[in-house]
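This briefing is intended for reading beside the sequence and the structure. Its points are grouped by topic.

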Amino acid sequence: MAQVDKEQRKPEPGEIVAVIKRILAENGRDYMGQYALATVCLVAVAATTAFSAWIMRDIIDEIFYRENYGLVPYICGAIVAAFAIRGVASYGQAVILAKIGNNLVARYQQRLFDHLMKLGLDFYSSARSGQLAAQISQNVTGIRDMLSITLTSIARDAVSLIALVAVMIMQDPLLSVIGLLIGPPLVYSVNYLMRRLRRVTRESVEVNSHLFGAMQETVQGISIVKAFTMEEQLSAKMADLAAYAENRANRIARVSERLTPITEMLAGLAIAGVIAYAAYRAASAGQSPGSVFAFITALLLAYDPARRLARVQVNLERSLVNARMIYELLDMEPPQRDAPGAVPIEVGTGGVAFRDVSFSYAPDKPVLHDVSFDAGPGKVTAIVGSSGAGKSTLVALVQRFYDLDSGRIEIDGQDIAHVTKSSLRAKIAYVSQHPYLFEGTIRENIRYGRPDASDAEIEEAARLANADDFIARTAFGYDTLVGENGVTLSGGQRQRLSIARAIVRNAPILLLDEATSALDNESEAKVQDALEKVMKERTTIVIAHRLSTVVNADTIVVMEEGRVVEKGTHRDLIVDPAGLYARFHRLQGERSLELVDDARQAGETDA
Ligand code: ADP
């Protein structure tokens with residue numbers, strides 16, 4: 001993932017607070033009521049905890065020391081009530097916080113998904129999809145954790161601690177000082193561990209995303225893996241990654257748990273000190289034991305919230321690392337928003353004109369140079385050229401996937417840079433050479449062409465695309481599931497479905513990337529026939545690989561290294577025997593126009 005910052009950045013001072021503020025600002029209002037309720041529950045837990053320490057003195061002094069048995073029912077009743085309240089409140093806060101957390105996760109997943117769809121194609125050409133998915137699923141919980149950690153640590157742990165310290169001070173101020181001596185060394189060791197943890201956490205998130213990414217890529221490319229018998233190499237690579245991930249996870253466990261022995265030892269020291277001092281005082285001053293018991297109870301109970309508070313920052317930082325990655329993604333500006341004042345495009349006949357178009361993906365590496373040609377309305381314009389000549393780039397630019405460096409692309413006289421992208425794309429149907437089917441039924445896959453298409457229109461499109469016969473043969477017809485978990489369709493069948501999708505779209509402009517991979521003859525004929533139907537009466541720009549497409553095209557644009565080197569009809573171009581097209585055509589004993597390459601080479605040796 002090139003774009004998401006990989007360096008192990010230290011949280012800047014105040015960054016945790018800033019991120020929490022941002023999460024709250026973006027979501028807080030919707031959860032206000034629930035947070036208030038959770039806070040009430042958390043405070044109730046804290047109060048009952050303090051109460052159970054405080055009541056200790058009366059239990060010891062009144063019942064056992066002064067033998068005031070009349071108080072027993074009241075004290076017992078109060079204890080039962082306190083524990084009941086504590087139980088209900090603990091349940092309440094846990095359920096409410098979980099609900100808020102799950103809702104936050106769902107909300108951010110949706111937000112990220114919507115955002116990712118807006119990002120430009122350039123983002124995807126540098127991001128690995130597998131790693132991206134893994135990063136998102138791992139990191140979204142960071143957002144949730146930051147809020148719930150903050151809330152529980154303030155409302156439950158801090159309130160408990162303050163209440164318990166108050167109980168201690170009320171019982172015995174001097175003892176309190178002894179007990180609280182463990183504070184400073186605790187803070188020091190926490191700070192030290194935090195620095196270590198930050199690094200391992202970031203490393204671990206990264207190695208895990210590599211791991212999941214590698215798995216996903218292997219699954220996607222499984223046929224290549226098997227064909228090249230890459231299993232052993234990949235397995236060895238995976239073993240390294242997995243071992244590294246395991247090692248990082250162990251480091252995290254060791255570093256973050258290292259706090260436990262430190263706090264336990266400090267707590268032991270504090271409690272032993274208190275007991276020694278209390279025993280000394282009971283022996284020398286004859287004090288009643290109640291306050292000491294209440295004090296020790298408060299001290300023991302204070303230990304848990306204190307320990308959790310000591311780790312708050314560690315946990316917050318860990319979540320911060322995750323939350324930050326999510327925000328880095330969300331903050332990526334979707335490129336090329338609509339120009340200010342962009343209007344919907346009006347497409348009548350759909351004539352497309354390239355006017356001196358220059359374009360580069362990366363600075364200083366121009367891919368297209370001053371490309372000009374007209375794709376006449378209702379006509380077929382075939383683009384031919386060797387691989388890398390810039391044919392796909394032309395097609396991407398018509399859809400305005402990228403902005404031009406200079407020049408214009410006009411549709412019916414309107415510069416597409418000044419119209420809204422959604423209106424532009426609504427007028428275009430695109431058939432890729434790799435027909436992609438999404439999870440869902442055949443019907444849904446065709447309907448992606450136009451969401452409001454009726455079932456009848458979908459079936460008509462399938463018929464025109466020569467897809468109805470094979471659809472009828474599937475078990476559930478149009479309701480048959482396709483995509484990753486669906487039935488397996490042949491390449492030709494997939495192509496016909498994607499042609500049906502384009503027919504349903506019923507757009508005036510058709511962009512077509514002819515498949516290079518050979519289909520069997522029957523399939524090929526059906527696909528070809530379907531394409532001819534969809535091209536009829538539409539302005540078609542086709543990246544042509546088949547001789548018949550080229551020969552029948554109204555205009556042929558021959559591209560070489562990002563330049564238009566020849567244009568005209570087949571008749572025009574065939575005349576000049578030294579021309580690239582004519583040379584190609586001479587060599588064209590076979591079907592694929594990729595032979596343009598060979599044509600050029602042949603030309604070079606001729607010369
Ligand atoms: P063709 O379709 O004729 O094979 P392309 O339009 O795909 O050619 O590619 C033209 C040039 O642009 C090639 O040199 C290719 O490496 C480069 N190119 C294509 N897509 C990208 C991209 N997303 N980022 C950077 N360079 C690209």
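Which residue meets R156 through its side chain in a salt bridge? The partner is D157, with an N to O distance of 3.2 Å, and both R156 and D157 are buried. The model discussed here is predicted. Its chain is assigned a domain 1 (15-330), a domain 2 (349-427 + 507-575) and a domain 3 (439-506).

**Domain layout**

- Domain 2 is assigned in two segments, 349-427 and 507-575, while domain 3 covers 439-506.
- Between the C-alpha centres of domain 1 and domain 3 the distance is 51 Å.

**Helix α9 and its surroundings**

- Helix α9 spans residues 259-285, a run of 27 residues.
- From the first C-alpha of α9 to the last, the helix reaches 38 Å, which is close to the 39 Å expected at 1.5 Å a residue.
- The buried residues in α9 are L259, T263, L266, A267, A270, V274, Y277, A278 and R281.
- The cover over these buried residues of α9 includes α5 (173-180), α6 (183-220), α8 (231-257) and α10 (290-330).
- Just after α9 comes G286, whose phi is positive, at about 60 degrees.

**Salt bridges**

- In total, the structure contains 23 salt bridges.
- One of them pairs R22 with D331, and their closest N and O atoms are 2.8 Å apart.
- Because R22 belongs to helix α1 (residues 15-65) and D331 to the loop between α10 and β1 (352-360), this pair ties together parts that are 309 residues apart in sequence.
- R22 is partly exposed at a relative accessible area of 27%, and D331 is partly exposed as well, at 42%.
- D30 and R107 also meet through their side chains in a salt bridge, at 2.9 Å from N to O.
- D30 is in helix α1 and R107 in helix α2 (residues 72-118), so their pairing ties together parts 77 residues apart in sequence.
- R107 has a relative accessible area of 26% and is partly exposed.

- T441 is part of strand β7.
- Because its relative accessibility is 12%, and buried means under 20%, T441 counts as buried.
- Apart from neighbours within four places in sequence, T441 is in contact with Y478, D479, T480, L481 and V482.

**A nonpolar surface patch**

- Y436, F438 and Y448 make up a nonpolar patch on the surface.
- Together, the three residues of the patch have about 360 Å² of accessible area.
- Y436 is placed in the loop between β6 (428-431) and β7 (440-441).
- The relative accessible area of Y436 is 52%, so the residue passes the limit for exposed, which is over 50%.

- R400 is a residue other than glycine with a positive phi, near 55 degrees.
- The location of R400 is the loop between α11 (391-398) and β4 (406-411).
- R400 counts as buried, at 6% relative accessibility.
- D412 is not a glycine either, yet its phi is positive, at about 45 degrees.
- D412 sits in the loop between β4 and β5 (414-415).
- With a relative accessible area of 27%, D412 is partly exposed.

- D114 is located in helix α2.
- At 32% relative accessibility, D114 counts as partly exposed.
- The C-alpha atoms of D114 and L330 are separated by 9.8 Å, with the two residues 216 residues apart along the chain.

How values were computed:
Residues are numbered from 1 along each chain as its sequence is written. This is a predicted model: local features need pLDDT of at least 70, side-chain atom pairs count only at pLDDT 80 or more; totals for chains, interfaces and linings use all residues. Side-chain values use heavy atoms; hydrogens and water are left out. Helices (H or I, at least four residues) and strands (E, at least two) are DSSP runs, numbered from the N terminus. The expected span of a helix is 1.5 Å times one less than its number of residues. Buried means under 20% relative accessible area, exposed over 50%, partly exposed in between (1.4 Å probe, protein chains only). Contact means heavy atoms within 4.5 Å. Patches are made of residues with over 30% relative accessible area and no salt bridge: like charges are joined within 9 Å, nonpolar side chains (Val, Leu, Ile, Met, Phe, Trp, Tyr) within 5 Å. Accessible areas come from the Shrake-Rupley method with a 1.4 Å probe; for residues, only the protein chains shown count as cover. A salt bridge is a side-chain nitrogen of Lys or Arg within 4 Å of a carboxyl oxygen of Asp or Glu. Domain bounds come from an automatic or database domain assignment.
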